Amino acid sequence: MTELYEELGLTEDEYRDIIRILGREPSKVELGMYSLMWSEHCSYKSSKPVLSQLPTRASYVLQGPGENAGIIDIGGGLAAAFKMESHNHPSAVEPYQGAATGIGGIVRDIFTMGARPIACLDPLRFGSLESPRQRYLFSGVVAGIAGYGNCLGIPTVGGDIYFDECYDGNILVNVMAIGIMPKENLIRGQATGVGNAVVLMGNRTGRDGIGGASILASQEFDETSQEKRPSVQVGDPFTEKLLIEACLELLEKNLLVGLQDLGAAGISCACSETAARGGVGMKIELKNVPLREEMDPFEIMISESQERMLAIVEPRKLDEVLATCERWGLPAVVIGEVTEGDMLEIYWYGEKVVEVPASSLASGPVYERAAERPAYLDEVQSADLAALEHPSDLNRVLLDLVSGPNLCDKRLVYEQYDHMVQLNTVVYPGSDAAVLRVKGTSKALAVSVDGNSRYVYLDPYGGTQIAVAEAARNVVAAGGVPMALTNCLNFGNPERPDIFWQFKESVRGLADAARHMELPVVSGNVSFYNESFGTAIYPTPVVGMVGLIGTLSTRRTIAFPEEGLVVAMLGDTLDELGGSEYLRLVHGMTAGRPPALDLEVEKSVQTTCIEGIRRGIILSAHDCSEGGAAVALLECCCAGGVGATLEVDTPLQPVSWLFSESQSRFVVTLREEDLGALEDLAASRQVRVYALGRTGGSRLIVGDWIDLGVDEMKAVREEALGRLLKG
Amino acid sequence: MRFGVVVFPGSNCEMDCHHVIDKVLREDVDYVWHQQTDVSAYDCLVLPGGFSYGDYLRCGAIARFSPVMEAVADFAAEGGLVIGICNGFQILLEAGLLPGAMLRNTSLSFICRFSSVRVENADTPWTNAARQGQVLRVPIAHGEGNYTADEATLAALAEEGRIILRYCGEDGEVTAAANPNGSVDNIAGICGEGFNVFGLMPHPERASEEILGSTDGLLIWESVMAHYRSRG
């Protein structure tokens, strides 16, 4: 037995705890359940004490962290449910199925709460495309997202993609989904009502995904990683689509008491979590679980076969529930019932194989991990950037930036995703935020994801604040008021003090930024052990921001809308090349300090922009981020098919003005006659407006620094990714 | 006019079609469940896009065996108006209600983007509101839209004016560069012999509202409504 607990990923102390809880040695099945439920992936045992500092409340938050997804009230009797999570390790082992089942999992989290999923966004991080393996992983992940998401009829409307050598050994596949529901349809993953039936719906259970949470998600990569392929689940989007429709119909008819999806740790997790949340026990007979192949109770309890749901149903409504599932062609069987007390009892052909307190599974151990500031920070932060020699051909630099993997056009990716189905997407991919109309209202949601890990690597606290600020800024540029956020925190091994320090600092940054900007964190996910052969990825917190656009007519895109408009910069440009894409691409350095962020200034600039849009002054808006002002201006020109002639009056040297990634800035357009009004709006918030020139013509001209044709810039940006993928 | 939107397990554009017919066209519309065998209440049947039965065997290959398809075939045989969009088109091909077959896109990837299609025959129930040669901007979203047929079929389609839409450039030129999926002769939509059955890969329901970026798809809906009314 001692060997088995180790093999399953439990420590000796944890094993002793289990014996203490049970007052006896656990059975093999029980041990399997604890190993999964107490894995880092399911229990958050390292992160929980740190995450407790996140602000999670606001008057409009209907559901914060702890459920399958966070939910906010968007008015008019409607609510939006959303969450982000990771599927990093499965995707690194088997990219297509790993990414596909990532989509399946996050979508289930949304309709499990009673919401119809209306969009997905996928933040992806890969290593260098010069490596054939990375190109294989990239193509596989994109195809997996497309294959699964398109089949479901849920548009993939956004995301971001970064490439950096730090992901060579451990790619990141984060997935975010958002759904809309009438408030009264909100349902939770709770089992209540002694005597109620426990119904298992959806796919049959098989041996795929056995031990995914403990073996795959909670360990680092090494030479045995490929052998973990059997731990990757296999996706069946058709069944998931049927599950969505069947579950939403069951909820619409008010036939369910509780609903929970089966994800990591399968039946073990679904039963123990629903029972623990409801403060009840549960009695399950495993012989009733529909199986694909012959399996023993251990395997059934820990299988992570996809597209399964657990529903709690009152006996009098059972027939109607089963009939509805049958109509959708979905297997659905009663596997047990809700009992008094808090014991989870599992039977196998009448023989009791598990008897454990449900709450002991659902609330695992908690660790206060040691944290120590990593040594590399002093070195990278003190890099002398002033001594750098800058190239003189700035046109060349700009074209090189936008033909590099990080800033090139991602059309080749998002055109593989159905981003239009459901007829809600009113700002298509390629802008700062995706905008989804809410049918039957005049409102829309603006959604964006953001996370520049280079900044976080150089300064975990400040870099994470930037992720929050920039995600919010993207939403603002689209005309939305940021409401709430979700996040996925991707880090290395938390048992290493230097990694855990990064994590703690990053979460502190997230908490401070969210609190300052009054943005509740309503859901999220932590992914540790993103390392291979002892090398961790850059710390990569990713923020998913949801905002509300009050009236559809105030939505904005980044595109210069017409000729003859004033182009202006809101906010100040500073000499801040640290951590920039320019520094990386031209000088091969990831060094310095990331741009400074003053949250008070950020708020002022954002409110100026929102107000300017609301009053119809600002006609297009684009935040300045990677690549700086130059890349932002280029993107505005390319999106609108309109050039601009601009003059910059600055004490900075040209590369600094063009490529510094200073925060709290927007490139906006407006009519000449509105410039005074915008300046007044800005001045009342101590924000500066810099009028740069006018839109028009077919070239982007910035003083005597930049002079490029819009068509050429477009062509260079658009063909880049295809070329990079050819290797 | 009453539309019936057929729902197969795995359809995913049925709500979009329903939305446009109900909220934009303001016509009567019901969902028709795939097990339904009586479609006599409808003036036009819509087979929507999606992934019927997951498209697991071959697009549309399983859906054609749904009970409703026999009713659809009878309805079509009696001259009833049937439009198959994307997966609906694939199902009509599999069911033999339209000739030819679909291959995977030559890129081997799913493609979702606006496409330009030229109206090759404006004298049909589906295109009478458009001009001959008019270029429509309508989105496509498919992995298998590479239409193919044998020589004789292609000749007959061309001869009889049953090639309704061809992929083209924004200027209306039908070129290889404007062909998104490798479809033979840039074919994007065809009709059956009686012109009452229409299959097309582009999604007119995605181009029926200003806010979505194009209203060119409305021409197709308006055509069939005009045709219905003229028929009395």
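# Close-up views

**View 1. Arg2(B) is partly exposed, with a relative accessible area of 28%.** Here buried means under 20% relative accessible area, exposed means over 50%, and partly exposed is anything in between (1.4 Å probe, protein chains only). A few ground rules: this is a predicted model, in which local features need pLDDT of at least 70 and side-chain atom pairs count only at pLDDT 80 or more, while totals for chains, interfaces and linings use all residues. Residues are numbered from 1 along each chain as its sequence is written, chains are lettered from A and ligands numbered from 1 in the order in which they are written, and side-chain values use heavy atoms, leaving out hydrogens and water.

What does Arg2(B) pair up with? Its side chain meets that of Asp30(B) in a salt bridge, 2.8 Å from N to O. Arg2(B) sits in strand E1 (residues 2–7) of chain B and Asp30(B) in strand E2 (residues 28–33) of chain B, so the pair ties together parts that are 28 residues apart in sequence. A salt bridge, by the way, is a side-chain nitrogen of Lys or Arg within 4 Å of a carboxyl oxygen of Asp or Glu. Helices (H or I, at least four residues) and strands (E, at least two) are DSSP runs, numbered from the N terminus. Asp30(B) is partly exposed as well, at 25% relative accessibility.

**View 2. Arg717(A) and Asp409(A) join their side chains in a salt bridge, 3.6 Å from N to O.** Arg717(A) belongs to helix H26 (residues 710–726) of chain A and Asp409(A) to the loop between H16 and helix H17 (411–414) of chain A, so this pair links parts 308 residues apart in sequence. Both partners are tucked away: Arg717(A) is buried at 13% relative accessible area, and Asp409(A) is buried at 7%.

**View 3. Glu314(A) makes a salt bridge with Lys317(A).** The closest N and O atoms of the two are 3.9 Å apart. Over all chains, the structure holds 55 salt bridges.

**View 4. Asp55(B) is buried yet has no salt bridge.** The spot to look at is the loop between strand E3 (44–47) and helix H2 (67–77) of chain B. What does Asp55(B) touch instead? Skipping residues up to four places away in sequence, Asp55(B) touches Gly50(B), Gly60(B), Asn87(B) and Gln90(B), where contact means heavy atoms within 4.5 Å.

**View 5. Helices H16 (residues 394–402) and H23 (residues 628–640) of chain A pack at about 70 degrees, with their axes 10 Å apart.** That makes H16(A) roughly perpendicular to H23(A). Axes are lines fitted to C-alpha atoms, for helices over the stretch in contact, and angles run from 0 to 180 degrees between N-to-C directions. Angles under 35 degrees count as roughly parallel, over 145 as roughly antiparallel, 65 to 115 as roughly perpendicular and the rest as oblique. Where the helices touch, Leu398(A), Leu401(A) and Val402(A) of H16(A) meet Ala630(A), Val631(A) and Leu634(A) of H23(A). By class, this contact of H16(A) with H23(A) has six nonpolar residues, no polar and no charged ones. Nonpolar covers Ala, Val, Leu, Ile, Met, Phe, Trp, Tyr, Cys and Pro; charged covers Asp, Glu, Lys and Arg; the others, Gly among them, are polar.

**View 6. Helices H7 (residues 95–111) and H10 (residues 237–252) of chain A pack at about 5 degrees, their axes 10 Å apart.** H7(A) and H10(A) are therefore roughly parallel to each other. Gly104(A), Val107(A), Arg108(A) and Phe111(A) of H7(A) meet residues of H10(A) including Glu240(A), Leu243(A) and Leu251(A). The contact of H7(A) with H10(A) has seven nonpolar, one polar and two charged residues.

**View 7. Gly144(A) is buried, at 0% relative accessible area.** Gly144(A) is part of helix H8 (residues 132–152) of chain A. Not counting residues up to four places away in sequence, Gly144(A) touches Tyr96(A), Ala99(A) and Ala100(A). Pro95(A) is 49 residues away along the chain, but its C-alpha atom is 7.1 Å from that of Gly144(A).

Key. Lys and Arg count as positive and Asp and Glu as negative; His and the chain ends are not counted.
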